[in-house]
Amino acid sequence: MEILIRPWLMEDLPAVRWILWESWMAAYSAFVPEEDLRAYHEATYRIESLTHLHESPFVHGFIGEADGEAAGFARTQFNKSENRLFLASLYLLPDFQRKGIGGRLLRAAEEKALSYNLGDLWVGVMVQNEAARRWYEKRGFRFVREEPFRMGGTTVPHLIGFNVIGE
């Protein structure tokens, strides 16, 4: 399988919506009702909303391709007031997990942090998404606080953590 990580393009936005939806259903539907997932998806990730993110100078998106097919997506967002880069999204279609694409998307995010002259990268993970939490922990992330995260009518605990990079 040929894997390519590249910056997202406007024409990738429908694929980004699809990747988000499919990966959310696989990861979150056990603890967030589908109607709440759908409400959050529609409210937050319409093409117009993604276009706004795509055009922001503080948002950087990456597509992970497998044999020319969009298989994953990552998005970073620079918070100027905190001087931090957040990995706001890293999602893979279920069929493409455990093939190295997620790790390469994470490396793209880390490289973006280094381009801001930052020594760490921040991420949030839902407490119930144990597989993702373990994945980040295996890569050196330390979770330092918990905050609520709301999807539709459901609020879930969300761990916030960081990893030191560039050492």
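Q: Is Arg-98 buried or exposed in this predicted model?
A: Arg-98 is exposed, because its relative accessible area is 80%. The cut-off for exposed is over 50%.

Q: Where does Arg-98 lie?
A: Arg-98 sits in the loop between strand 4 and helix 4 (101-115).

Q: How should I read the phi of a residue like this?
A: Start with the general rule. Most residues other than glycine have a negative phi. Now the case here. Arg-98 is not a glycine, yet its phi is positive, about 65 degrees.

Q: What is the phi of Asp-67, and where does Asp-67 lie?
A: Phi of Asp-67 is near 50 degrees, a positive value in a residue other than glycine. Asp-67 belongs to the loop between strand 2 (59-66) and strand 3. With a relative accessible area of 58%, Asp-67 is exposed.

Q: How do I describe two packed helices?
A: Take helix 1 and helix 2. Their axes come within 11 Å and cross at roughly 155 degrees. Angles over 145 degrees count as roughly antiparallel, so helix 1 is roughly antiparallel to helix 2. Helix 1 passes helix 2 in a right-handed crossing.

Q: Which residues make the contact of helix 1 with helix 2?
A: Helix 1 supplies Arg-17, Leu-20, Trp-21, Trp-24, Met-25 and Tyr-28. Helix 2 supplies Glu-34, Leu-37, Arg-38, Tyr-40, His-41 and Glu-42. By class, this contact has 7 nonpolar, 1 polar and 4 charged residues.

Q: At what angle do helix 1 and helix 3 pack?
A: Helix 1 (residues 13-28) and helix 3 (residues 47-55) pack at about 110 degrees, with their axes 10 Å apart. That angle makes helix 1 roughly perpendicular to helix 3. The crossing of helix 1 past helix 3 is right-handed. Leu-13, Pro-14, Val-16 and Arg-17 of helix 1 meet Ile-47, Leu-50 and Thr-51 of helix 3. The classes in this contact are 5 nonpolar, 1 polar and 1 charged.

Q: How do I find the buried face of a helix?
A: Use the helical repeat. An α-helix has 3.6 residues a turn, so residues three or four places apart point the same way. Helix 2 (residues 34-44) is the case here, with Asp-36, Leu-37, Tyr-40 and His-41 as its buried residues. Down the axis of helix 2, they fall within an arc of 135 degrees, so they line one face of the helix.

Q: What covers the buried residues of helix 2, and which residues are exposed on the other side?
A: The cover includes helix 1, strand 6 (142-151) and strand 7 (154-164). On the other side of helix 2, Glu-35 and Ala-43 are exposed.

Q: How do I read burial in a strand?
A: Check accessibility, then list the contacts. Thr-76 is in strand 3 (residues 69-79). Its relative accessibility is 0%, so Thr-76 counts as buried. Beyond neighbours within four places in sequence, Thr-76 is in contact with residues including Phe-58, Val-59, His-60, Leu-87, Ala-109 and Lys-112.

Q: What does Arg-84 touch, leaving aside neighbours within four places in sequence?
A: Arg-84 is in contact with Gln-77, Phe-78, Asn-79, Leu-118, Trp-122 and Arg-145. Arg-84 lies in strand 4 (residues 84-92). At 25% relative accessibility, Arg-84 counts as partly exposed. The C-alpha atoms of Arg-84 and Arg-46 are separated by 26 Å, and these residues are 38 residues apart along the chain.

Terms used:
Residues numbered from 1 in each chain as written. Predicted model: local features only at pLDDT ≥ 70, side-chain atom pairs only at ≥ 80, totals over all residues. Heavy atoms only, no water. Axes fitted to C-alpha atoms, helices over the stretch in contact; angles between N-to-C directions. Helix = DSSP H or I, 4+ residues; strand = E, 2+ residues; numbered from the N terminus. Parallel < 35°, antiparallel > 145°, perpendicular 65-115°, else oblique. Left-handed = near helix turned anticlockwise from the far one by under 90°. Contact = heavy atoms within 4.5 Å. Nonpolar A, V, L, I, M, F, W, Y, C, P; charged D, E, K, R; others polar. Buried < 20%, exposed > 50% of the residue type's maximum accessible area, 1.4 Å probe, protein only. Arc of directions from axis to C-beta.
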